[in-house]
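This report describes the fold, the core and a few selected residues of a single chain. The sequence and the model come first, and the description follows.

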Amino acid sequence: MSRETCYRCFWPRSLCWCPSLVAMPTRTRFVFLMHPKEFKQEKAATGRLTHLCLPNSELHMGIGFDADESVQALIRDPHNHCVLLYPGKEAVNLSLPAAIPGFAAALGPRRLVVFLLDATWAGARKMLRLSPSLQRLPRIMFTATAPSRYVIKQQPQAGCLSTLEATHELLLALTRAGLDDYPLPEQLLALFQRMQDFQIRCARDPARAGYRRRPYSDPAARVPACGRSGARNRYLPGPAPVAGTSG
Ligand SMILES: [Zn+2]
């Protein structure tokens, strides 16, 4: 196989994803801030593939972003309402209908700009520590509608989502809130599935380095391993514990 790399999707040219990516317009601007370790370690690079599907998105690599001129220009622009996807007590949960009127009022006629940290928990914390301008952004979160579909990279914590899944869930929540349009919700997930199928085939192929003898376990059946040393906990929110009633 050719070792030449496609410098758009960063996969080998022979496996390049680019022809299969369908541009999906969104009202929201997505800004993926990728930790350099993520770039090196995450072979699947779902953050990059998501960025390539969304024409209204940008991707920047780094750890501290206070000196990043394009990021700072977005934050300064009075036409933007910049928020950070980061779960926590002070985050507005866009999956809760009661939170929407207040959020929509704060947004006003401005463009919603969502910053996503493409990193592990530890990486995301460091990025925030080194970026006071990101710390000051209002925070949003969502309640995921489905557990992670990630089989390849063992999600250490039930409900940790890949960047692609988190973007999908956020678009679902924004669309339900009337703040965006997401006409092809299956597209990102189909892309995710194709990527996983390919990686599983590779992992089972004894001719390839990194051959895996045991099959991957079902993500839903895994025991959460929070706090396990070396676990790559992602910071993105997981699914709701158990929904009571649904409208
Ligand atoms: Zn490519």
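## Terms and basis

A nonpolar core is here a set of buried Ala, Val, Leu, Ile, Met, Phe, Trp, Tyr and Cys residues joined through C-beta atoms within 7 Å. A residue is buried if 20 or more other C-beta atoms lie within 10 Å of its own, exposed if 12 or fewer, and partly exposed in between, with C-beta atoms placed from the backbone.

The model is predicted: local features need pLDDT of at least 70, side-chain atom pairs count only at pLDDT 80 or more, and totals for chains, interfaces and linings use all residues. Residues are numbered from 1 along each chain as its sequence is written.

## Nonpolar core

The largest nonpolar core has 45 residues, and those with the most contacts inside it are Leu-33, Leu-85, Val-114, Phe-115, Leu-116 and Leu-170. At least two core residues each come from strands E1 (29–34), E3 (80–85), E5 (111–118) and E6 (139–141), and from helices H2 (46–53), H5 (121–129), H7 (163–176) and H8 (185–204). Helices (H or I, at least four residues) and strands (E, at least two) are DSSP runs, numbered from the N terminus.

Two residues are in contact if their C-beta atoms, placed from the backbone, lie within 7 Å. Not counting residues up to four places away in sequence, Leu-33 touches His-60, Gly-62, Phe-65, Phe-115, Leu-116, Leu-117, Asp-118 and Met-127.

## Chain overview

The chain contains eight helices and six strands. Read from the N terminus, its elements follow the pattern β-α-α-β-α-β-β-α-β-α-α-β-α-α.

Of the 247 residues, 30% count as buried. Among contacts with a separation of 6 or more, 74% are between residues 24 or more positions apart.

## Sheet

Six strands form an open sheet in the order E2-E1-E5-E3-E6-E4, with parallel pairing. Strands E2 (57–61) and E4 (92–93) are at the edges with a single partner strand each, so one side of each has no neighbour in the sheet. Two strands pair if DSSP finds at least two bridges between them. Strands of a sheet pair through backbone hydrogen bonds, either parallel or antiparallel.

E1 is joined to E2 by five bridges, the two strands running parallel. In this pairing, Phe-32 stands opposite Leu-59, and Leu-33 has His-60 as its bridge partner. E1 also pairs with E5 in the parallel sense, over six bridges, and there the partner of Met-34 is Asp-118. E1 is mostly covered, with five of its six residues buried.

## Helix packing

Axes are lines fitted to C-alpha atoms, for helices over the stretch in contact, and angles run from 0 to 180 degrees between N-to-C directions. Helix H3 (residues 69–76) lies across E1, E2, E3 and E5, and runs at about 120° to E3. Angles under 35 degrees count as roughly parallel, over 145 as roughly antiparallel, 65 to 115 as roughly perpendicular and the rest as oblique. H7 and H8 have axes 10 Å apart and pack at an angle of about 170°, which makes H7 roughly antiparallel to H8. H7 contributes Leu-164, Glu-165, Thr-167, His-168 and Leu-172 to the contact, and H8 contributes Pro-185, Leu-188, Leu-189 and Phe-192. These residues divide into six nonpolar, two polar and one charged. Ala, Val, Leu, Ile, Met, Phe, Trp, Tyr, Cys and Pro count as nonpolar, Asp, Glu, Lys and Arg as charged, and the others, Gly among them, as polar.

The axes of H2 and H7 come within 7 Å and cross at roughly 45°, so H2 and H7 are oblique to each other. Here Thr-46, Gly-47, Leu-49 and Thr-50 of H2 meet Thr-163, Leu-164 and Thr-167 of H7. By class, the contact of H2 with H7 has two nonpolar, five polar and no charged residues.

## Two individual residues

Phe-10 lies in the segment before E1. Most residues other than glycine have a negative phi. Phe-10, although not a glycine, has a positive phi of about 65°. Phe-10 is partly exposed because 15 other C-beta atoms lie within 10 Å.

Gly-64 is placed in the loop between E2 and H3. Gly-64 counts as partly exposed, with 15 C-beta neighbours inside 10 Å. Leaving aside neighbours within four places in sequence, Gly-64 is in contact with Leu-130 and Ser-131. Gly-64 and Leu-33 are 31 residues apart in sequence and 9.7 Å apart in space, C-alpha to C-alpha.
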